[in-house]
Amino acid sequence: QLMMNDNKITIEQTVDILIEGARKTSNTLMLETAKLIKAALINNQHSEKPVSELDVLHKMVKEREKAMAIYEKAGRKDLALKEVKEIGYIRGIMPVEPSEQEIREFISELMTIITLTIKDTKMVIAHVQRKFPTAQKGTIVKIFKSLL
């Protein structure tokens with residue numbers, strides 16, 4: 001697994017490293033997957049409404065999870081396994097998401113400094129994502145509401 005240290009290396013740069021490594025080891029599935037990720041990242045950069053690199057990867061994982069379920073229902077374990085491996089490669093380059101506990105502690109610290117209400121949700125999301133760029137909005141909102 002390639003871990004990105006404090007986002008000093010972009011996901012796209014990580015994918016380039018993955019492609020190089022897959023070529024050297026003749027890992028065709030890793031190479032195929034890495035090329036798909038690279039294409040998705042480039043398409044996203046040129047789209048009318050680009051999203052974050054992380055959102056591109058989340059979308060790719062969801063697509064593969066859906067395909068995996070379809071293959072399993074159809075009794076195609078071989079194809080389902082290929083999807084599982086692709087998900088593994090994609091997740092392997094995703095930055096690690098903070099735990100709910102880390103998010104809860106950070107929001108609690110914010111709440112000791114200033115009084116927050118439900119109206120401050122957007123600001124809380126912004127603060128949490130500044131500290132934890134990979135934190136999901138839904139998770140942040142759920143934790144914030146539980147602390148109010």
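**Exercise 1.** Glu 86 lies in helix H4 of this predicted model. Work out whether Glu 86 is buried or exposed, and find which residues Glu 86 touches beyond four places in sequence.

*Solution.* Start with the cut-off: buried means under 20% relative accessible area. Glu 86 has 3% relative accessibility, so this residue counts as buried. Next, look around the side chain and skip residues up to four places away in sequence: Glu 86 touches Leu 29, Thr 33 and Arg 64.

**Exercise 2.** Find which members of the largest nonpolar core touch the most other members, then trace the contacts of Leu 57.

*Solution.* The largest nonpolar core has 21 residues, and Val 15, Ile 37, Leu 57 and Ile 93 touch the most other members. Two or more residues of this core come from each of helix H1 (11-25), helix H2 (28-45), helix H3 (53-73) and helix H4 (77-93). H3 gives the most, with six residues. Now take Leu 57 and set aside its neighbours within four places in sequence: Leu 57 is in contact with Ile 11, Ile 37, Ile 90, Ile 93 and Met 94. Apart from this core lies another one, of 13 residues, including Leu 116, Phe 132, Ala 135 and Phe 144.

Technical notes:
Residues are numbered from 1 along each chain as its sequence is written. This is a predicted model: local features need pLDDT of at least 70, side-chain atom pairs count only at pLDDT 80 or more; totals for chains, interfaces and linings use all residues. Side-chain values use heavy atoms; hydrogens and water are left out. A nonpolar core is a set of buried Ala, Val, Leu, Ile, Met, Phe, Trp, Tyr and Cys residues joined through side-chain atoms within 4.5 Å. Buried means under 20% relative accessible area, exposed over 50%, partly exposed in between (1.4 Å probe, protein chains only). Helices (H or I, at least four residues) and strands (E, at least two) are DSSP runs, numbered from the N terminus. Contact means heavy atoms within 4.5 Å.
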